[in-house]
Structures are given as structure tokens and as C-alpha cells.
Amino acid sequence: MSFKFRTMDDLEVEGKTVLVRVDINSPVDPQSGAILDDTRMRLHAETIRELSDRGARTVIMAHQSRPGKKDFTTLEQHSHKLSEILGRPVRYVEDIFGSAARENIRELRNSEILLLENVRFYSEEVLKRAPEEQAETHLVRKLTPLIDYFINDAFAAAHRSQPSLVGFALRVPSAAGRVMERELRTLRSALENVERPCVYVLGGVKVDDSIMVMKNVLENGSADLVLTTGLVANIFLAGCGVKIGKVNMEFIKNRGYCDFIKVAKKLKKRFPEKILVPIDVAISRDGKRVDVPVKKIPNYPIQDIGMETIKLYAERIREARTLFANGPAGVFENPDFSIGTEDILNAISSSEGFSIIGGGHLAAAAAKMGFEDKIGHISSGGGASISLLAGEELPAVRVLEESAPH
């Protein structure tokens, strides 16, 4: 597959200063500040190591959480963890684009690596604006004279239009890093070369994302079947006139998703044979799992799809030649309610079709349950992969394409 943007293969980086944007946003213990999972760092290590091996003067830019959250912290711990993973020193500077950062960048030698401070300490980084405006920010203007190339490897954040993600590509020669390249190659290839039948399994609690994807893939004809699970399924059940219980309706209301019940009703009416809803659900009664048919849901929290639905969905999944899945089927952290998620992942992993999981909680569940090696592709970016599947433009990818020589 040919890309409209440059990759690292197109750049001669020896002796050059390369700013590489990665997404090493990681779970952090709020008490100790310790990093709990280094999966994303291990992913980006491939790009960073290659740049260092090729003699680049590598400057890493990244974020951790966002202002106001408990895990919003410096990147000092990240530098130590990256040093361990790479097996070479990663210097950390407690500055983003001030004099200390600029001085450290100037002092870099070939193959050395520098990690700048959490870019979200800079107030303009959290503002969503057009790439052309982001290219005029202080961050971009201050660092541009010091760098020869910009490499964007942060696929997980590619759906955001923020200075560090879109501004530099309009100022200096740019390319996609290995993670970005691999994600786009895999996802675009799967979307452009869909083998039939193509089945989407959409669940979790991010209903707006799932319905956006569902609408796009059903309208453009790329999906043959959509299986609903999690809160997405509850909203479709409510849209079908099923009484799901006051406690579950309150949950939907508290999440601000009441309007999506009408959207679900319309979609189900337009594509009655292509959208499947559960025929039974698992409720939590006194903390215990009880499976009930959807016609008799009592006023208890729905926390998983039921056993009959699991069997039905597993059959459809195993028939698929292309599979896209996003969001767990229930409260998978609780063993009593992890059955739906586990059985769906088991069916996906044993399917002969090509499977893609859109990152996030379902990817975490796949790792926890040992299915990682049996899935075709697990995306590093839930939001970005969902946006791509929903037919939306990824701002960080667009600027890479626009900045490439034509």
C-alpha cells in the first residue's frame, strides 16, 4: 500500500535533530506516582531505538494525562522507564520549549536521546484549533529553528488537532514513525480490502463512538452485521421498546446518552437484519450473576450479555472473514461478568477471518485474558482507530500528507 506521506525510510537522519511525538500516556498509581503499565513505551521504543541507531539526535515530545486529573504528572518516571526499555540513557529536562529545553536540544550529540517535559503543562496544547493556527503557537515557533525533521508516531492521539501533533508538520520536513505507519497500513488495508462477511462487535460505554462507527459502516455498506454489547446494547434494547429497568435507564441518563436511544431506534429500523441486539442479559442481583431473557429484565443492573446471546454472537463471529471489535461486553473486571467479553474474544481469536481490536478496554481485556497473540491487529489508539472506522479525518495524518512533497 502506498502512502501519501513520508515514512522514516525517506529521511536521512544521521547527525540531524529529530523531534518525535509519541504517545506514552500510561496508567500511574495516584499514591506513589509509579507507572503501572509500560505497553505504549515498548511500542514506541522501536521508532526511538531506530532513530538512535541511525545516528539521529532524538528529542521526544509526549503527554501524560491532562490538567485536573490525578495522574497528570511530570515525565521524569517515563524517562527512567524508557531508559530501561531501550537499554540506553534517556535524558529528561523539566522544560518544554524554554531556555533549558532549547539548550539541552542544542547540546545533543549523535544517537543521544532527550525527553522533554509533559507537553500538556503548556496551556495551548489542550486547545483544539486548526493546524494552521497551531503552527503559529509559541511551542512550534520556539522549537522549529532547532529541529531538522519532525516524526509523528502518536497514532493514539492522531484524531486530535493540538500544537505538538499538527503544528510542526506544517513547519519542517515530516514523516510517520513506525507505530503510526503500521497502524495506518493495517487499518486502511483492512478497510479497503474487506473480505465478506464483515462483522463489527461494538460495546463498552462510549456509546457515541460506537453509534458513529455503526452509522458509517452500515451506510457505506462495508459492514454485513453489527453485534451490540455493553451499554451500546442496552441503548439499542431501549430503542427497540424493551423495558430494561429503571436502574439501567438512570445509568444511561447519568452518562448523558438518552438522545442516543432515538438514534438507535432509527438505525435499527433502517437496518433491521444487520444490527443484532441481545436476546438475554446478565444482571447483578445481590452481587451474583443471574441470566434473564430481555422480555423479563427486573430492576437490577445489567452487567453482561447473557449466555444465549454469547452462543448466538460466537456463531456469527466464527463465520466472519473480517472482524472489527471495540469495547467490552460487560463489567469484565468482575469474573462473574467477564464471560461475555471472554467468550467473544475467544470466538474472535479462533475465527479464520482477519481481526482488529480498536484499543482501549477491549485491548486490555485481550491482554489480561491471554488472547493478544491470536488477534490479527490490536490498535494502540482506541479514539483514533474509532475515528478512522467512522470515516472521520485524522488531523495529524492530514498534515503529514499535506507536508509531503508531491
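The sulfur of Cys-258 lies 16 Å from the closest cysteine sulfur, that of Cys-240, and this is too far for a bond. A disulfide is here a pair of cysteine sulfur atoms within 2.5 Å, and a search of the whole structure finds zero of them. Cys-258 counts as partly exposed because its relative accessibility is 34%, whereas Cys-198, at 0%, counts as buried. In these terms, buried means under 20% relative accessible area, exposed over 50%, and partly exposed in between (1.4 Å probe, protein chains only).

The model is predicted: local features need pLDDT of at least 70, side-chain atom pairs count only at pLDDT 80 or more, and totals for chains, interfaces and linings use all residues. Residues are numbered from 1 along each chain as its sequence is written, and side-chain values use heavy atoms, with hydrogens and water left out.

The charged side chains come next. The structure holds 24 salt bridges, a salt bridge being a side-chain nitrogen of Lys or Arg within 4 Å of a carboxyl oxygen of Asp or Glu. In one of them, the side chains of Glu-219 and Arg-270 meet with an N to O distance of 2.8 Å. This pair links distant parts of the chain, since Glu-219 belongs to helix H8 and Arg-270 to helix H11 (residues 259-270), 51 residues apart. Helices (H or I, at least four residues) and strands (E, at least two) are DSSP runs, numbered from the N terminus. Glu-219 is partly exposed, at 40% relative accessibility.

A salt bridge also joins Arg-289 and Asp-304, again at 2.8 Å from N to O. Because Arg-289 lies in strand S11 (residues 288-293) and Asp-304 in strand S12 (residues 302-305), the pair ties together parts that are 15 residues apart in sequence. Both partners are buried: Arg-289 has a relative accessibility of 19%, and Asp-304 has one of 3%.

Which residue forms a salt bridge with Arg-398? The partner is Glu-402, with the closest N and O atoms 2.6 Å apart. Arg-398 and Glu-402 are four residues apart in helix H16 (residues 395-403), and are therefore separated by about one helical turn. Glu-402 is partly exposed, with a relative accessible area of 42%. Elsewhere, salt bridges that share partners join Asp-9, Glu-50, Arg-54, Arg-178, Glu-181 and Arg-185 into one network.

Most residues other than glycine have a negative phi, and most peptide bonds are trans. Against this background, a cis peptide bond joins Arg-196 and Pro-197, with omega about -5°. Pro-197 is found in the loop between helix H7 (178-192) and S7.

Ser-65 has a positive phi, near 60°, although this residue is not a glycine. Its loop runs between strand S2 (57-61) and helix H2 (76-86), and Ser-65 is buried at 5% relative accessibility. Asp-286, also not a glycine, has a positive phi of about 55°. Asp-286 sits in the loop between strand S10 (280-285) and S11, where a relative accessibility of 71% makes Asp-286 exposed.

One further loop, between helix H9 (230-239) and helix H10 (246-254), contains Gly-241. Gly-241 is exposed, with a relative accessible area of 55%. The C-alpha atoms of Gly-241 and Lys-265 are separated by 8.6 Å, while the two residues are 24 residues apart along the chain.
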